[in-house]
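This report goes through one protein model, moving from single residues to the sheet and the helices around it. The sequence and structure come next.

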Amino acid sequence: MSATLPDIAELAQSIKDWGQELGFAHVGIAGVDLGEHEQHLQRWLDAGYQGEMEYMGEHGSKRSHPDQLIPGTVRVISLRMDYLPGDTQMAKRLAEPEKAYIARYALGRDYHKLVRKRVQHFADRIQQAIGPFGYRAFVDSAPVLEKALAQEAGLGWIGKNTLLLNRKAGSYFFLAELFVDLPLPIDGVQGSDHCGRCQACLDICPTQAFVGPYQLDARRCISYLTIELRHAIPVELRPLIGNRVFGCDDCQLVCPWNRFAKTTTEDDFMPRRGLDNIELAELFGWDEKRFLARTEGSPLRRAGYERFSRNLAVGLGNAPTTIPVLEALKARREDPSALVREHVEWALAQHESRA
């Protein structure tokens with residue numbers, strides 16, 4: 001840490017101003033005590049709700065103790081960047097079962113590089129003002145309880161759908177953190193939970209993944225099933241997935257607070273390659289080479305070609321029985337991947353049962 005600091009309160013305000021100048025919509029400062037959140041995480045892990053996400057239980061207590069993850073950390077600067085790309089009509093896509101539904105955050109470029117670079121510029125700006133100091137930047141890249149830290153920094157509250165909600169911005173935003181050794185004044189939790197009696201998010205979930213308010217069983221969550229799950233999607237859940245082939249926004253689409261969601265000004269978050277309005281059959285016709293070319297720099301790469309194909313097969317199985325749909329499925333009956341072949345056969349059986 002720099003030997004000489006300006007007035008600490010003035011520095012904190014300057015830090016918030018610099019963050020907003022760099023495109024962050026909200027900047028807040030949290031301490032490193034996450035005791036209550038640590039207990040919530042442990043209960044969730046004990047229940048096995050993490051499914052195949054073994055990494056959620058790794059690293060011991062470091063996930064809920066920033067000062068153990070990065071020794072010397074005394075504060076965490078939490079940053080919000082809005083990603084909603086205007087009116088993508090994604091709610092309409094859910095009512096068009098022949099179209100592919102891709103979560104709004106994944107329609108543009110992968111946010112990790114853009115946000116990480118912006119956080120680094122932010123750290124550089126602080127360093128220009130006060131000299132060298134200890135810091136570490138994170139963008140969904142380490143064992144960090146980002147929603148808990150954001151709540152403790154006053155960026156919002158963790159809602160019944162387990163997402164961070166903000167009264168003026170809803171939930172369509174990314175979070176990033178800068179761990180610092182600067183003894184800045186803490187913003188702290190601002191107000192209380194504003195979900196009230198509303199449980200629209202719990203009721204709308206296609207797979208009923210919420211076992212209660214603030215409790216998500218990831219093993220039933222469509223985002224988990226289409227992105228994180230490495231193996232076959234449980235047969236009983238496939239019909240419930242509909243045309244959602246990468247992620248799910250249902251619990252955000254119905255959230256009343258998202259009436260106030262802010263539209264992004266970042267070009268990189270705008271839909272690319274027509275992914276906001278594309279046929280399932282067209283996507284399923286991509287070979288791996290085309291998939292890699294068309295998804296360069298896209299979050300879709302996280303699922304990979306095989307699992308994305310698995311997801312598309314499920315979507316096609318739930319789609320109306322048409323010649324393009326059947327032809328797309330039959331064309332990949334001999335797919336090299338056993339995982340894809342199994343889901344293709346399931347999809348064809350769905351259409352045969354309706355005949």
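The model is predicted. Apart from neighbours within four places in sequence, Val314 is in contact with Ile233, Arg238, Ile241, Gly242, His343 and Trp346. Val314 belongs to helix 13, which covers residues 304-318.

The relative accessible area of Val314 is 0%, and because buried means under 20%, Val314 counts as buried. Arg244 is 70 residues away from Val314 along the chain, yet the C-alpha atoms of the two are separated by 8.9 Å.

An open sheet is formed by 4 strands in the order 1-2-7-4, with antiparallel pairing. Strand 1 (26-30) and strand 4 (135-138) are at the edges; each has a single partner strand, so one side of each lacks a neighbour in the sheet. From one strand to the next, the twist averages 20°.

The pairings can be taken in sheet order. Strand 1 pairs with strand 2 (residues 75-82) in the antiparallel sense over 5 bridges, and Val27 is opposite Leu79 of strand 2. Strand 2 and strand 7 run antiparallel and are joined by 8 bridges; here Asp82 stands opposite Phe173 of strand 7. Strand 7 also pairs with strand 4, again in the antiparallel sense, over 4 bridges. In that pairing, Phe138 has Glu177 of strand 7 as its bridge partner.

## Strand 7

Is strand 7 enclosed by the rest of the structure or open? Of its 8 residues, 8 are buried, so strand 7 is largely enclosed by the rest of the structure.

Both faces of strand 7 are covered. Phe173, Leu175, Glu177 and Phe179 are buried on one side, and Phe174, Ala176, Leu178 and Val180 are buried on the other.

## Helices 1 and 5

Helix 1 lies across strand 1 and strand 2, and runs at about 145° to strand 1. Helix 5 packs on the sheet as well, touching strand 1, strand 2, strand 4 and strand 7 (173-180). The direction of helix 5 makes about 40° with that of strand 7.

The two helices also pack on each other. Helix 1 (residues 8-21) meets helix 5 (residues 111-130) at an angle of about 140°, and their axes are 10 Å apart. Their crossing is right-handed. Helix 1 contributes Leu11, Ile15, Trp18 and Gly19 to the contact, and helix 5 contributes Phe122, Arg125, Ile126, Ala129 and Ile130. By type, the residues of this contact are 7 nonpolar, 1 polar and 1 charged.

## Positions annotated in UniProt

An unreviewed UniProt entry lists Asp140 under "active site". Asp140 is placed in the loop between strand 4 and helix 6 (146-152). Its relative accessibility is 45%, and Asp140 therefore counts as partly exposed. Leaving out neighbours within four places in sequence, the contacts of Asp140 are Tyr111, His112 and Glu146.

The unreviewed entry also lists Lys289, under "binding site". Lys289 is in helix 12, which covers residues 288-294. Is Lys289 buried or exposed? With a relative accessible area of 70%, Lys289 is exposed, because exposed means over 50%.

Notes: Residues are numbered from 1 along each chain as its sequence is written. This is a predicted model: local features need pLDDT of at least 70, side-chain atom pairs count only at pLDDT 80 or more; totals for chains, interfaces and linings use all residues. Side-chain values use heavy atoms; hydrogens and water are left out. Axes are lines fitted to C-alpha atoms, for helices over the stretch in contact, and angles run from 0 to 180 degrees between N-to-C directions. A crossing is left-handed if the near helix is turned anticlockwise from the far one by less than a right angle, and right-handed if clockwise. Contact means heavy atoms within 4.5 Å. Ala, Val, Leu, Ile, Met, Phe, Trp, Tyr, Cys and Pro count as nonpolar, Asp, Glu, Lys and Arg as charged, and the others, Gly among them, as polar. UniProt positions are given in the numbering used here, feature names are shortened, and annotations may be inferred rather than shown by experiment. Buried means under 20% relative accessible area, exposed over 50%, partly exposed in between (1.4 Å probe, protein chains only). Two strands pair if DSSP finds at least two bridges between them.
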